[in-house]
Amino acid sequence: MKNILIIGANSKIASECAKLWAYKKNNLFLISRNKNNLKNLSLELKKNGSNIVKYKTLDLNLLKKDIRKKLEKNLVNLSKIDLVLFAFGELLDNDIKKIKLKNIHNTINLNGLITCKLIYLFSKIFLSTNKGTIATITSVSGDVIKKSNFIYGSSKSIVSNFIIGLRSNIRESKVKLIDIKPGFVNTPMTKKFKKNILWSDPQKVAKDIVSKIDSHVEIIYTPFYWRYIMAIVKLLPNKIQNKL
Ligand SMILES: NC(=O)c1ccc[n+]([C@@H]2O[C@H](COP(=O)([O-])OP(=O)(O)OC[C@H]3O[C@@H](n4cnc5c(N)ncnc54)[C@H](OP(=O)(O)O)[C@@H]3O)[C@@H](O)[C@H]2O)c1
């Protein structure tokens, strides 16, 4: 039985992971913005099998200082956490004619900088006990920056690169850093996109995440075939990448 903290717990992908963790009787601590959704999710998780489910609302954009204290208040002592999953994020409309500087700032700040700060905070906490897993949902969009979502892709690539650098600094320890890279997943974030054969449902992606997080992998492509798609796309010239 583990103590699992999910930041951005109302995310469709994360809530599906939480349900699977609840079946295995893990204790779940949830942070997200929408109180009603958190309440409903926690009731479901208790029914599914978790003994302890606690939640709190927090807008991560408002986290400026005393971050650890603010995360812990009325929730859990972070030293007791075995696994933290970062699942929050926003997808910015990429219309270059309409986009505002403020929106670019917000997306890169939330998906990129805030995520890196939280990864760093947890790495310090986990290093002090030499255990713990930090799992972060980035995206295949961070592997190859496409014209259609270059701001979102850039914000995710910052995090993937940060994880690579931090991991090489703490490799001697038992703290695990996992980068989760989903392909296209049918969730509220992507509801206005036309779907095709490459799209997956969040339940499938969650199953992948939960089963692979306990293995020794450092990067989880989900579904698995995105590893091969991205390996090929990375080899293509930029002009062709953009036509795909
Ligand atoms: N869907 C895809 O195709 C896809 C592909 C690759 C990667 N991803 C990544 O997967 C992760 C989960 O996304 P999803 O697809 O499951 O989308 P989602 O259901 O829309 O979830 C995103 C969640 O982020 C939370 N959030 C956003 N801004 C926040 C803030 N300022 N403070 C706290 N929480 C905030 C929201 O919480 P509230 O509901 O509480 O407001 C929302 O539930 C994200 O990092 C996303 O970038 C998604």
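Two residues count as in contact if their C-beta atoms, placed from the backbone, lie within 7 Å. The model shown in these views is predicted.

**View 1. Residues that join helix H1 to helix H2.** From H1, Ser-15, Ala-18, Lys-19, Ala-22 and Tyr-23 take part. Their partners in H2 are Leu-41, Glu-44, Leu-45 and Asn-48. By class, the residues of this contact are five nonpolar, two polar and two charged.

**View 2. Packing geometry of H1 and H2.** Two packed helices are described by the angle between their axes and the distance between the axes. H1 covers residues 12-23 and H2 covers residues 35-48. The angle is about 30°, and the axes are 8 Å apart. Angles under 35 degrees count as roughly parallel. H1 and H2 are therefore roughly parallel to each other. The crossing of H1 past H2 is right-handed.

**View 3. The shell around the ligand.** Around the ligand lie 26 residues. Ser-11, Ser-32, Gly-89, Thr-187 and Met-189 come nearest. Eleven residues of the shell are nonpolar and eleven are polar. Four are charged.

View 4. Eight helices and seven strands make up the secondary structure. The C-alpha trace spans about 50 × 40 × 35 Å along its principal axes. The protein has 244 residues and a radius of gyration of 18 Å. That agrees with a compact globule, because a globule with this number of residues would have a radius of gyration near 18 Å.

Definitions and conventions
Residues numbered from 1 in each chain as written. Predicted model: local features only at pLDDT ≥ 70, side-chain atom pairs only at ≥ 80, totals over all residues. Axes fitted to C-alpha atoms, helices over the stretch in contact; angles between N-to-C directions. Helix = DSSP H or I, 4+ residues; strand = E, 2+ residues; numbered from the N terminus. Parallel < 35°, antiparallel > 145°, perpendicular 65-115°, else oblique. Left-handed = near helix turned anticlockwise from the far one by under 90°. Nonpolar A, V, L, I, M, F, W, Y, C, P; charged D, E, K, R; others polar. Near = placed C-beta within 6 Å. Rg over C-alpha atoms; globule rule 2.2 N^0.38 Å.
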